[in-house]
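Please look over the chain shown here. The report below covers its fold, its confidence and some of its packing.

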Amino acid sequence: MMLQIMKMLQGIKYCLSEHPMILNFRWSPTQSWGSTWSFLFTVIPAYIAAAVTLHLILTLFRRRRPVPLGPVPAAHSLLMAVISAVIFVGMLLSAAAEIRDTRWLWRRTKTTPLQWLLCFPLGTRPSGRVFFWSYVFYLSRFLHLLRTFFTILRRRRRLTSFHLLNKSILIFTSFLWLEFSQSFQVPAILATTVEQTVVYAYRFWVGVGLRGACFPLVANCQVALLGCNLACHVGVLLVQVFKGGCNGIGAWLFNSVLNAAILLLFMKFYVRTHLKNSNVVRDEGGSSHWGSGLESNNVLKQS
């Protein structure tokens, strides 16, 4: 039994970190779908235009009732949870393999695995294990966009500029990670895929009719992710200042500005939603704890 388990684990490790397709991956316009600037600046405006158009059509026809989607949203959540979990395991195994294979080079520069995770050495090229999973993560962002259209068709809330901006920035930053071999992407992908595995698994759980949590699980997971990203950004800055430079630092600075904008917008939304729902509970029940039904579900729908 143990031998079979060991063989299965070895097979998973080979498929996710040692397969020739992973080892030989290279980010380039001729080998990778969606790897050109023209593609990026076409697909993002097209996404925004499609979402706004669909929202306006439903508004003009005054359709207030949700469009029945059946099991499609739940199936999408399950698919995204599985994809996120696979990316997490693949990136974790690939990062461990890269550390194992290149540790001997780091002794000359006294580089530690933590420093490598936060700060790629200057001259790093977007090829190999880690960047393969970064590319898979980039592609998964396009599947993530489908939630926007589910939200519009369900008519659960109005379409906001923050929602469109957030989804667009996620694609843009993922592209920059690959285009400039940007430092910091390994911990960012690991943290994001953990968060999305939990969030999408929970959405699937709720989507098939099971009881949801009595607190805003999705919003709290997103706050935890933003806090983790902020701590990693501080780590990258310290390594950049005291260790002589990180690869793709220009793209990192640009992404930091975008992440700061998202953080401010999200915290504004989170505080407003939290206070609003807290006030609803106080008005209805005289207590200050979170409600366990409609209030929690409203927070879930916002993301």
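Axes are lines fitted to C-alpha atoms, for helices over the stretch in contact, and angles run from 0 to 180 degrees between N-to-C directions. With that in hand, the overall picture comes before the packing.

This is a predicted model. The protein has twelve helices and zero strands. Of the 303 residues, 45% are buried. The accessible surface is about 16400 Å², and carbon and sulfur atoms hold 68% of that area. Among contacts between residues at least 6 apart in sequence, 80% join residues at least 24 apart.

**Confidence**

The mean pLDDT is 80, and 83% of the residues reach 70 or more.

| Helix | Residues | Mean pLDDT |
|---|---|---|
| Helix 6 (highest) | 129–144 | 95 |
| Helix 12 (lowest) | 294–302 | 37 |

Over residues 279–303, pLDDT stays under 50. The model has 41 contacts beyond four places in sequence for that stretch.

**Helix 6 against helix 9**

Two packed helices are described by the angle between their axes and the distance between the axes. Helix 6 and helix 9 (residues 185–207) pack at about 40°, and their axes lie 11 Å apart. Helix 6 is therefore oblique to helix 9. Their crossing is left-handed. Helix 6 brings Val-130, Phe-131, Ser-134, Phe-137, Arg-141 and His-144 to the contact. Helix 9 answers with Gln-185, Val-186, Ile-189, Thr-192, Thr-193, Gln-196 and Tyr-200. An α-helix has 3.6 residues a turn, so residues three or four places apart point the same way.

**Ser-181**

Ser-181 sits in the loop between helix 8 (161–179) and helix 9. Is Ser-181 buried or exposed? Its relative accessibility is 2%, so Ser-181 counts as buried; the cut-off for buried is under 20%. Leaving out residues up to four places away in sequence, Ser-181 touches Phe-120, Thr-124, Arg-125, Pro-126, Phe-131, Leu-176, Asn-247 and Gly-248.

**Helix 7**

Why is helix 7 (residues 146–154) largely enclosed by the rest of the structure? Because seven of its nine residues are buried. These are Arg-147, Thr-148, Phe-149, Phe-150, Thr-151, Ile-152 and Leu-153. Just after helix 7 comes Arg-155, with a positive phi of about 55°.

Conventions
Residues numbered from 1 in each chain as written. Predicted model: local features only at pLDDT ≥ 70, side-chain atom pairs only at ≥ 80, totals over all residues. Heavy atoms only, no water. pLDDT = per-residue confidence, 0-100. Helix = DSSP H or I, 4+ residues; strand = E, 2+ residues; numbered from the N terminus. Contact = heavy atoms within 4.5 Å. Buried < 20%, exposed > 50% of the residue type's maximum accessible area, 1.4 Å probe, protein only. Areas by Shrake-Rupley, 256 points an atom, 1.4 Å probe, with all protein chains shown as cover. Parallel < 35°, antiparallel > 145°, perpendicular 65-115°, else oblique. Left-handed = near helix turned anticlockwise from the far one by under 90°.
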